[in-house]
Each structure stands twice: as structure tokens, then as C-alpha cells.
Amino acid sequence: MDRMNALDAGFWYAESDREPLHIASITVMEGPPPGPEEMTGVIAAKLPQVPRARQRVRTVPLHLGTPVWVDDPRFSFDRHLRRTAVPAPGGMRELQDLVGRIMSRRLDPARPLWEMWVAEGLAGGRWALIVKVHHCVVDGVGGSDLLTALFDPEPDPERDPDPVPPPADPGPSRLALALNGLGQTVGRPVGALARRLARPPRAEGLREAREFAGGLPHTVEHITRQSVPSLRGPAGPDRRWITAEADLNDAKAVRRELGGTVNDVILAAVTQGFRELLTARGELNDRTRVRCLVPVSVRGGGAPLGNRVSGVVVELPCGESNPRLRLAALRAQMNELKDTRQAAGADALVRLAGTAPTLLAPASRAVMAVARSVFQTAVTNVPGPQDPLYVAGRKVLALYPYVPVAAGAGITVAIFSYVGRLHFGITGDLDTTPDLDILASAIPEALTDLRSSSPYRVR
């Protein structure tokens, strides 16, 4: 029985009409766009690599266990592959508006949780491929792996000319689901406790627990400071989505000169974006900090689809005017969070919650409510392929991410690197974030500011 893990189930239960929880990739492609039959053939050839594409979610009676994945006996490409067009003149603004409308609608929970849109009409004969997947299916790193599986590393790969889908499995009965869930609820925690008591604690585990506990006061201090009023979670289900681009080599050059990681440099650039946004809103002072959730992958090599991600809360020092000092402050915070293993500790707590599946549904909704006072934005950076990809023989020109706004995050920023470029996808609530362009335009400028402020001008 293919069962969700605790975090996957949390995303499933936490979704609502006002806060749809899907992630997406928006790929700008060379033209011309493929026809319906050609696109169906391309995707059909790839589906055996992605079993979730033909599976839907079934919940366990009385929530005695986490939901399970079962084959959809009525699966049809027509329900998932769709076509649309970008309005004239077919620029990035028109594509962004189209993506915002598509992302405002929830995926059908009775079907496999994905949609794929071919959007024709981009200027220069280009088109866009929009892939939308529920967050309970995959996290950001897994989404990158999924794209790599769906796309081709060369224009003309060998394909099975007539792929035959596997027969659908009707899945377990409701009684079997309930009995298996009862075993998950009672048997698994008892067995885990017995095994834990039978072996002595490892010194390494005790040390990690002490480090996690030692870092908790700093985390609590961060999340209890006063928040910025205008950066509340979404007001409604409609979404605004804006893009930005930067050179990955610029971020690497700043890292070499000023230290830290590429992710630290990107966080510093995003901090500058929020600084400009809050200045325009009249909410910036020299003490302004924005609490930011930074997802951290705990995915091991060869891990299946699903969510293996934890997170840490970082304060973006928007009130600091010096770009070098902003980067230094972020480096110090990230190093402290790594030293105290806050991400690993949070992951352990999520896995612990999975031993009590009957509590997951109410707990997931409660966490979303509590999160409104914990963080105000989320920034996720996913390394992508640095060699060109292809779909139906057409070259991928740019790859932008989409992540949802929910709970405390009124604005989210996702970054995907592809062939030497950083592609930013910035999401906000349609009604409360008409000024996302200010944030988006400030991010590439921030990388330029960081380069010019380094002690040795990077060339």
C-alpha cells in the first residue's frame, strides 16, 4: 500500500479554496508549439517514469492512517493536458497574468493531482509549457528531478513508439484501508518505541538533540518579534505572479569575494527587494526585519517523489542600508541555524507527527493558522540543470518556478537555476500585492550592488 508520509499528508489536509497548495514550473520554449497529438505522445512516453501521474488520493476512514495513492481507473490525458493562448502582444506581462489565473484554481482532488498547459502565442513564435503539481506529490528538489524526467537532454531522443500503460489497480477496500490505518496508528508507534528502548542512545544523537534544543531560544526570539503589517497571508484565492532574471555567475562571484553560499547571496538580493517594496509602502525603518521561511531539503539520494523538506526561519535585515552588512547578517543567521541543526530537528518533529495520523488533519490546519504569526514570506532556491533541456524537440529557453502563498506568507519567492541563469518566480495575492514589480526589479539590481560593494570589484 503506497501511503503518504506525514509532510505530504499535511499539505493535502491544509489546502483550502482560499489557499490552493500546488507548485508549478513555467517553461518558455522555442517554437513552433507542438500539436495536441504530438504533445500527448511525448507525455505518454514519459509517464512510466512518474507513477503518481496516474494515481489519485484516497483518504483512510476516520483518518486512522495517512492517505494512500491508488490508480485512477478513469485516467485520461484529456483531463490533464490542456491548451490555451497568451493574449497579444505575447510578452512576459501577458504570460505572467495567464499564469496567475491558472494558479488561482485548485486541482481536482478526485483526479491525479497535476495539469499541463501548452500556452501558444508568445512573441517571436515561442510558447510556454506550464506544469502544475500538488505540493503533496513533490517538493521543490523533487520537482526539479521530475522535470528532468519529463524533459529530454537532447532534441531527438529514442522513444517507445507505442507505450502501453500498465493496468490500473483498483486499490484496497475501505475495510482494508481502515485496518491498515489502525495498524499504522497503534502498531507502528508501539513498535518504534520498543525498538528505541531496546537499544542505548547514541552519543551522536544526544549531541544533535542538545544542539537543536540550544538553538531553540534564538528561533523563538526571531518568530516573536513584531511583524510587518502589510506582509500578511493571502486575502483570497486569486494570485499575482511576476518574474525576474539574473546571472548565476554574478551570485557566484559575490560568494567568492564576500563569503557565504550562493543561497546566502540570493537571500541578500531578495532582502534588497523587500527593502525597496517596504520603502514604497512607507513601512521601512532601520529596525525592519521580515521573517522568512527558508525550506531546507533533507532528501537523500534516490528518494522517491514526495516531500522531504524541512525549514528554518530567517530574519531578512531589510532595515540595514549597507548591502555587505545585510549579507553578513544573513550568513551569520544561516550558520547558526546549521550549527544548531534546526532544520533537522524540525524534520524529526514532522516525522514524529506521522506516528499519530488521526491528529494530522486538524494539526495541519492548526499549523497553517499559527504560521500566520511565525513567518511573512518564504524563499526557496532549487538548483537546476546547467545543460539545455528539450521538449518535443524544442529547446527550453527559460524555466521559472511557482510556489504558493499560504498561512503567514503573503509573498513567496522561488528561484530555479538553469543554464547559467537564475529565474525568479514571485507570487502574491492578487488583491493585496499590486506592487510586486518593485520587488522583482530590485533583485537583479541588488546583485549588482553587492558586486560593486565588494572590496575587490569582480570583473
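Mentor: The questions below concern this predicted model.

Trainee: What makes residues 262-280 a helix, H8, and how far does it reach?

Mentor: A helix is a DSSP run of at least four residues. H8 has 19 residues. From its first C-alpha to its last, H8 reaches 28 Å, close to the 27 Å expected at 1.5 Å a residue. Just after H8, Gly282 takes a positive phi of about 75°.

Trainee: Why is H8 called largely enclosed by the rest of the structure?

Mentor: A residue is buried when its relative accessible area is under 20%. In H8, 14 of the 19 residues are buried, so the helix is largely enclosed.

Trainee: How do you know that S3 and S4 pair, and in which sense?

Mentor: Pairing requires at least two bridges. S3 and strand S4 (residues 68-71) have four bridges, in the antiparallel sense. Val57 stands opposite Trp69 in S4.

Trainee: What is the strand order of the open sheet, and what makes a strand an edge strand?

Mentor: The three strands have the order S1-S4-S3, with antiparallel pairing. Strand S1 (2-3) and strand S3 (55-58) are the edge strands, as each pairs on one side only.

Trainee: What makes a set of residues a nonpolar core, and which have the most contacts inside the largest one?

Mentor: Its members are buried nonpolar residues joined through side-chain atoms within 4.5 Å. The largest core has 43 residues, and Phe274, Val413, Leu422 and Phe424 have the most contacts inside it. H8 gives the largest share of this core, nine residues. Apart from it lies another core of 42 residues, including Ala9 and Val382.

Definitions and conventions:
Residues numbered from 1 in each chain as written. Predicted model: local features only at pLDDT ≥ 70, side-chain atom pairs only at ≥ 80, totals over all residues. Heavy atoms only, no water. Helix = DSSP H or I, 4+ residues; strand = E, 2+ residues; numbered from the N terminus. Expected span 1.5 Å × (residues − 1). Buried < 20%, exposed > 50% of the residue type's maximum accessible area, 1.4 Å probe, protein only.
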